[in-house]
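The structure is shown first.

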Amino acid sequence: MSDRTMTEREDPAETRASPAFDLSGAVHGSDGGAEAPMGKAVFRLEDVTVSYDAKPAVSEVTMDIPHNQITALIGPSGCGKSTLIRCLNRMNDLIPSASVDGRVLYHDQDIYGPEIDAVEVRKRIGMVFQKPNPFPKSIYDNIAFGPRVLGMKGDMDEIVERGLSGAALWDEVKDRLDTNAFGMSGGQQQRLCIARCLAVQPDVILMDEPCSALDPISTGKIEDLMLELKREYSIVIVTHNMQQAARVSDRTAFLIVKLDADEKHRQGRLVEYDRTEKIFTNPSDSRTEDYVSGKVG
Amino acid sequence: MRGSLTAGRSSRRLEIGFKALLLLALSLALITLTVLIVDIVADGVGGLSLSFLTDVPSQIIPENSGIGPAISGTLWLMLVCAAFIIPVGVATAVYLEEYADRSRWFNRAIEVNIQNLAAVPSIVYGILGLAFLVRGPLSLGNVVLAGGLTLGLLVLPVLIVAGREAVRAVPPSIREGSMALGATKWQTIWKQVLPAALPGIATGVILSLSRAIGETAPLIVVGAVSFATFIPSGFGAEITALPIQIFDWVSQPQPEFKTLAAAGIIVLMLILLSMNAVAVWLRNKFEQKW
């Protein structure tokens, strides 16, 4: 029943006593969940509304996010895609005014449930941010930080090498592991952030516009990496770049900004969610068609 | 209508006049400082010698007087002061920046009060030290421990303000990156935020201590000894310090003591300037550019 047994990944450093998706530490009698139409779901969002100061930023999103695929969230600025992705690993907890309604089921467990520890959630659901945010430490320590604080056992050198190799960065930096990560290029820094995330062996990787600060060549490298990583990880990506969504994702969700009745408050809504190919070639909703064909931005 | 592109004569004159005014203000400050230093060095350089640094003061033979006890007393006071302000100041700064919910009134009240405390005259801290540390609840007596703690209370707000700035300068993206890996808030603060803020905190500590090292009034109130014939050692020793010694010599009528006072001021200024130099060096060398 564990997803981990379904992957080819070897886990010599696997130290967690509980299965990957048991967030409370208690024994959870799940049998894997119902089969979603597009395969096994890693996330099921049910009527999710995220609000800041009780004003909804994105409303009533219901969608299933498939296992070991890339799911893209696209839409115009202010449609709440970043807000939505940040509630998948409870990063919104860091903003005191934010609140989440509805249910976010991760392997059938509501991650906003009362007994859930947000720290446990984030151990399994990693995140890569818009701007590369390496720690002001050496390349080695950037990777080793996560495994160290999580108390992962095993040879740290090996863990670091595996993380960097996983992000296709090992060959570029193996001779300067003890130099400061701030000396790397932007694209390398972003891959370092991905490597850092891989080192703690998460189940899901969330990427919030990971290429928006990068040049096209670095962007290409990260896209190749994502396609490589989806064999072992489920990936959710927010992107401004429609071509990127079309290139890498398996499924795409299109969100729009809606004005309230009083036309004062804007909030995001999910318009359409389907296979990426369908969204870009034959969308069901005319608003999606206008957006992906470039009629509206 | 096409106007002339040349500036009016009066506006150009105003420009030059304003610049001259600024330069005048700057040179006034610099000249005062230079005159002070030259005057002190001229007066005191004759009194400087190695034995001056180690000898005890003498009322009878001023030529044999030294600042041995004063230097040693200052070092002990600074040790107590640092041991007190570093943990308390850094913990307060971290609490206010990372944990305090600013929408609660008591956290705002704490913030306002700390800012006010930084502006309280030092003599008031002396009276506080006398009433609560030397006598009263703690009754430590007029010893180094009480003196150092009094100075610590005095400069604690300075360190808290500097510490908060250092913690705030660590960008939120570092905290997010750490938390996203599954680190707890405490691990994030201890292993990411504090190490990144360390240069700023260290600078704050040095600047706080360099403020404390020149304080005279609170030490007089808590019972510092101006005529120390012993080298103080330990937390229970009597209080003496460089500014106290200088103050004592300045108030003596004989001209020989004026030389001694000037020599003492040179030593105090050298210590102060080198502490500030270390602070500047620390900031330039280790400050993280984000």
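## Packing of H3 and H10 in chain B

Helix H3 (residues 68-99) of chain B packs with helix H10 (residues 242-250) of chain B at an angle of about 145°, their axes being 7 Å apart. Axes are lines fitted to C-alpha atoms, for helices over the stretch in contact, and angles run from 0 to 180 degrees between N-to-C directions. Helices (H or I, at least four residues) and strands (E, at least two) are DSSP runs, numbered from the N terminus.

From H3(B), B:Ala70, B:Ile71 and B:Thr74 meet B:Leu242, B:Ile244 and B:Gln245 of H10(B); two residues are in contact if their C-beta atoms, placed from the backbone, lie within 7 Å. This contact of H3(B) with H10(B) comprises four nonpolar, two polar and no charged residues. Ala, Val, Leu, Ile, Met, Phe, Trp, Tyr, Cys and Pro count as nonpolar, Asp, Glu, Lys and Arg as charged, and the others, Gly among them, as polar.

## Basis of the model

The model is predicted: local features need pLDDT of at least 70 and side-chain atom pairs count only at pLDDT 80 or more, while totals for chains, interfaces and linings use all residues. Residues are numbered from 1 along each chain as its sequence is written, and chains are lettered from A and ligands numbered from 1 in the order in which they are written.

## Packing of H5 and H6 in chain B

The axes of helix H5 (residues 122-134) and helix H6 (residues 144-168), both of chain B, come within 9 Å and cross at roughly 135°. H5(B) is therefore oblique to H6(B), given that angles under 35 degrees count as roughly parallel, over 145 as roughly antiparallel, 65 to 115 as roughly perpendicular and the rest as oblique.

H5(B) contributes B:Ser122, B:Tyr125, B:Gly126, B:Leu128, B:Gly129, B:Leu133 and B:Val134 to the contact, and H6(B) contributes B:Ala146, B:Leu149, B:Thr150, B:Leu153 and B:Leu154. Eight of the residues in the contact of H5(B) with H6(B) are nonpolar, four are polar and none is charged.

## Contact between chains A and B

Chain B gives 15 residues to the contact and chain A gives 21 residues. On the side of chain B, helix H7 (172-180) and helix H8 (185-213) are the elements that give two or more residues. H7(B) provides the largest share of that side, six residues. The side of chain B that touches chain A divides into six nonpolar, seven polar and two charged residues.

B:Ile67 lies in the loop between helix H2 (50-54) and H3 of chain B. B:Ile67 is buried because 28 other C-beta atoms lie within 10 Å (buried: 20 or more such atoms within 10 Å; exposed: 12 or fewer; partly exposed: in between; C-beta atoms are placed from the backbone). Not counting residues up to four places away in sequence, B:Ile67 touches B:Phe52, B:Leu53, B:Leu242, B:Gln245, B:Gly264 and B:Val267.
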